[in-house]
Amino acid sequence: MRILLSLCAISALASTVTVTSATAYAISPSQGQAAAAPTVSEAETQALKAMDALPDTAAKLAAVAEFFKKYPKSSARPQIAERMAQEISKTKDPAQAITLAEKAQTIFTSEPELGIMKSITLDAYAASNRVDDVFRLANEMLAKNPEDVHPLVEATFAGTESVKQKNPKYAQQSLQYGSKAIELIEANKKPAQMTEAQWTAHKEVLPELYQQTAILHMVTGNAAEAKARLIKATALGPKDPSSFALLGLLINDEYVQQATAYKSMPEGKQKEETLKKLQDMLDNIIDVYAHAAALAVGRPEYQALLQQVTTDLTSYYKFRHNQSTEGLQQLIDKYKPQPQP
């Protein structure tokens, strides 16, 4: 059988894991709740209408700066901040989004306006893979509010991606942040500044947080904790093939270690019991890999993962079934998502 053992193999499979960017969970501030319309003067109203009519976000930001100079205490400031955050978050070019978000921080200088803009800037840094900036800004935000879930989540995703690219600089910090985010989400500690829609979106990332922290434990050598977190990830996110694939690899590593010890054991009852344990473990690997293969079929983003898992799954299955693949497809089909009625 072809068995993948090394940390390099773990990193290689981890690199095929497709994870939704954490920025996908950064819902614009006004989404999910209807803010009361501010009471503003007729002059302010006309200025705001003219601002809305401007052709691009950069022009609108410049107009906001002029508006604030003229009306520094306008009751419309919170709504303007939310509106501009939405505009910036829609910018498709990450570099342009960063420029706009950083500019916005010089215009919206009071809390909670600045907090809104920092969140948007953090998302833009993450989308551009600027991991140093992600952690710099996340640390700054967390210094003010250690239980702010959003920077914890963004930093966890950015740090894990950096580790997968063989840069361990933020491995331990990412693990701490990911574990803290999990703790807060499971305790349902919604930050005061978050809308219910934002909080719901962050709660939905919980399975991936377990998966990301599992990867961090894998590459730092804590296989037992990684396995526990992947089991949790598969329970919370049963449609994600990545967690099943990584879990199979970890069980496989356990199997190889115990199989090596088995070879040197003297004949007797203990060796027979160990053999039965090894067979059960191998069946578990087959089952987990079948899960991963079933969930990856037909999903382009998981084709590299599917190819690797299928190769190993076929080898293991044949080893346990007299070199036959009869029944393998039926096993995979059993775990395919059923169409909704």
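The structure holds 19 salt bridges, each a side-chain nitrogen of Lys or Arg within 4 Å of a carboxyl oxygen of Asp or Glu. The model is predicted: local features need pLDDT of at least 70, side-chain atom pairs count only at pLDDT 80 or more, and totals for chains, interfaces and linings use all residues. Residues are numbered from 1 along each chain as its sequence is written, and side-chain values use heavy atoms, with hydrogens and water left out.

Select Asp52 and Arg83. Their closest N and O atoms are 2.9 Å apart, in a salt bridge. Asp52 sits in helix α2 (residues 42–52) and Arg83 in helix α4 (residues 77–89), so the pair ties together parts 31 residues apart in sequence. Helices here are DSSP runs of H or I, at least four residues, numbered from the N terminus. Asp52 is partly exposed at 40% relative accessibility, and Arg83 is partly exposed at 34%. Buried means under 20% relative accessible area, exposed over 50%, and partly exposed in between (1.4 Å probe, protein chains only).

Next, select Glu87 and Lys60, a salt bridge with its closest N and O atoms 3.0 Å apart. Glu87 belongs to helix α4 and Lys60 to helix α3 (residues 57–70), so this pair links parts 27 residues apart in sequence. Colour by accessibility: Glu87 is partly exposed at 22%, while Lys60 is buried at 10%.

Then go to Arg299 and Glu301, whose salt bridge has its closest N and O atoms 3.9 Å apart. Arg299 is partly exposed, with a relative accessible area of 26%; Glu301 is partly exposed at 39%.

Finally, select Arg130, Asp133 and Arg136, which salt bridges with shared partners join into one network.

Conventions:
Helices (H or I, at least four residues) and strands (E, at least two) are DSSP runs, numbered from the N terminus.
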